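The sequence and structure come first.

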Amino acid sequence: MTNSVITGIVATFDRDNIDTDQIIPTEYLKSIKKFGFGDFLFDGWRYLDEGRLDMTSEDRSKNHDFILNKEPFTNAEILLARDNFGCGSSREHAVWALRDFGFKAVIASSFGDIFYNNCFKNSVLPIKLSKEEINHLFKISNSSSVNFQIDLQRKDLKFGDDSSYSFDVKDSLLDRIINNLDDVDITLRHKSDIEIFEQARRNQRPWLFDYTS
Amino acid sequence: MPVTLYDKLWDEHLVETDDTNESLIYIDRHYLHEVTSPQAFEGLRHKQLKPWRLDANVATPDHNVPTDRGDSFNAASIEDEVAKIQVLELDKNCNNFGIHQFDITSNKQGIVHVMGPELGYTLPGMTIVCGDSHTSTHGAFGCLAMGIGTSEVEHVLATQCLKITKLKNMLINFNGHPQRGVTSKDIVLHLIKLIGTAGGTGHAIEFSGSYISSASMESRMTICNMAIEAGAKVGLAGVDETTLGYVKKHSNLSDSMFSKASEYWQTLKSDPDANFDQTINIDVSKIKPQVTWGTSPEMTIDFDADIPSQEDINEANHENLLLAKSYMGLDDSKTLQDLSFDRIFIGSCTNSRIEDLRDAASAVKGKKISKDITEAIVVPGSGMVKAQAEEEGLDKIFLDAGFLWRDPGCSMCLGMNPDQLKPYERCASTSNRNFEGRQGNLGRTHLMSPLMAALTAVNGKITDPS
């Protein structure tokens with residue numbers, strides 16, 4: 001299965017430094033599962049009450065001013081934010097929550113490094129654009145609901161009939177999303193290289209392999 | 001060509017680079033905890049894989065564990081059912097896969113970034129990863145250490161490697177002597193204020209200069225710990241006599257192995273004239289005690305400065321500042337001294353080491369916490385720190401002053417255990433993140449040094465620590 005085009009409704013979050021604690025609060029990190037986090041996405045902003053892992057969106061008192069509680073954004077697939085999106089904690093649960101809600105792409109002027117890496121492991125595409133481009137996208141998205149179309153092969157983002165921005169992303173990372181690749185499988189193709197490296201290290205730096213506490 | 005410390009460590013651990021410029025980096029040490037590992041172990045089981053090298057891994061539960069455990073506590077004693085399942089899951093995974101764990105009953109259990117170095121699991125020159133962004137802490141030992149996501153935890157377990165691209169190099173020179181009452185925490189908060197929480201994004205930050213040379217390992221760890229709050233997933237400092245002295249004391253290496261290793265470890269510093277993509281020089285003697293006012297670590301001011309007002313708010317940061325002021329309940333407050341505090345938290349992987357507890361104890365000795373403070377807790381970073389503090393009588397000083405003296409864990413730094421703020425409570429905290437809801441739903445966090453937090457406990461307000 002390949003995922004090469006993303007088309008969807010854009011939800012805007014007009015602030016910098018949206019940290020992973022906002023994307024999913026700590027309470028939900030107690031889950032030992034890898035799925036089922038969509039109802040807790042942006043929990044502190046999305047609900048008026050405090051939630052627990054065994055609750056669903058239906059059980060909660062919603063903040064109706066929050067964008068993801070308004071139509072048509074309950075079906076948003078593309079998130080537009082400002083600077084340093086996904087900073088803070090390394091929790092991959094943040095990406096799992098975005099993915100489980102239905103987000104396929106996040107557009108921002110910069111991202112937290114760890115969050116950015118985590119995205120590609122979970123088929124969520126982070127797109128970096130300049131601040132000017134982000135400003136323009138906010139202008140056209142704030143007034144009404146819009147759809148963007150993202151072509152992963154061509155690396156461009158269409159936001160109007162004739163308007164588009166191209167974006168830069170490493171092909172190898174993009175490839176993981178397009179072809180649903182798993183890093184462990186890819187790396188284990190180099191098993192013997194790792195074994196040879198490790199043996200050399202064992203000889204050269206023996207204290208690293210000699211430790212008992 | 002002169003080489004930076006980060007580049008030396010990178011080259012030392014480089015297995016191979018592919019044609020897309022992604023590299024396999026060999027990982028020497030992998031720390032695990034209960035929160036970001038279950039899905040990684042599940043992935044191994046699903047793929048029918050075993051950990052590549054068992055002795056590279058060390059585990060401990062720290063994030064969600066209660067801190068009022070007392071004697072004869074075990075995982076089954078945890079009241080929060082979901083937290084209990086997670087701790088038991090770590091027990092199960094470590095037992096099934098054969099990974100060494102300091103479990104909840106161990107007297108060495110602690111916050112993984114406090115426990116690791118003091119048990120000698122962190123050695124200079126290592127690559128170190130953990131599913132926790134504060135893994136940068138270990139960079140204080142001349143290590144290439146960084147936080148990773150759970151997919152990468154699985155990848156490291158399965159392959160002993162991380163697949164990453166190289167970071168840029170940034171150098172921060174901290175020179176000079178700090179003023180009285182100014183600690184490593186103030187210095188790193190000042191840096192974050194200066195360069196912002198995205199200032200170090202895409203970079204490894206090396207900390208150097210005369211202040212770092214004279215700083216203890218504990219202080220260096222505090223600074224490297226918060227590199228991630230400046231956007232850098234890697235923070236590090238060169239190896240010197242202070243590093244070697246600490247490692248000699250804390251590792252179990254034989255004398256002959258230690259001296260063999262030391263020869264190599266002493267090369268772990270940036271070469272003179274090594275090229276950095278960015279260099280920033282900071283005179284630490286000009287830094288005042290720092291306290292955060294807002295909901296991002298960059299929202300930091302001198303403890304006696306004015307909180308940004310309407311006039312300071314320009315168009316670019318308008319929305320962020322207004323949201324932060326409103327969340328923090330600061331609409332009518334001009335300075336931090338105007339604020340009344342409810343709670344005090346001394347702990348976290350940033351500030352729960354013995355030096356931090358000594359600092360805090362010095363400010364409360366013979367005093368009582370203010371009647372306005374509803375709860376003040378001290379959470380030592382590890383079983384070893386707790387035992388050392390008790391040997392020095394620090395526990396008595398805190399208890400006499402009205403603090404609660406707890407068992408090791410991450411505690412109120414992230415409020416994943418029962419230690420949480422109630423809505424609108426204001427907390428003086430020695431932790432690392434003042435994000436909305438971080439310490440409890442609608443809680444208000446002000447980050448500061450252990451000394452400042454202890455003084456705030458006594459006075460109920462921010463006061464001058466000099």
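## Helix packing in chain B

A crossing is left-handed if the near helix is turned anticlockwise from the far one by less than a right angle, and right-handed if clockwise. α6(B) passes α8(B) in a right-handed crossing. The contact joins Ser184(B), Lys185(B), Ile187(B) and Val188(B) of α6(B) to Ser219(B), Thr222(B) and Ile223(B) of α8(B). Two residues are in contact if their C-beta atoms, placed from the backbone, lie within 7 Å. By class, these residues are three nonpolar, three polar and one charged. Ala, Val, Leu, Ile, Met, Phe, Trp, Tyr, Cys and Pro count as nonpolar, Asp, Glu, Lys and Arg as charged, and the others, Gly among them, as polar.

## Basis of the model

The model is predicted: local features need pLDDT of at least 70 and side-chain atom pairs pLDDT 80 or more, while totals for chains, interfaces and linings use all residues. Residues are numbered from 1 along each chain as its sequence is written, with chains lettered from A and ligands numbered from 1 in the order in which they are written.

## Contact between chains A and B

Chain A contributes 49 residues to the contact and chain B 61 residues. On the side of chain A that touches chain B, α8(A) gives the most, with five residues. Helices here are DSSP runs (H or I, at least four residues), numbered from the N terminus. That side of chain A has 13 nonpolar, 16 polar and 20 charged residues.

## Surroundings of Val106(A)

Beyond its neighbours within four places in sequence, Val106(A) is in contact with Leu79(A), Ala81(A), Phe85(A), Leu98(A), Val124(A) and Pro126(A).

How values were computed. Helix = DSSP H or I, 4+ residues; strand = E, 2+ residues; numbered from the N terminus.
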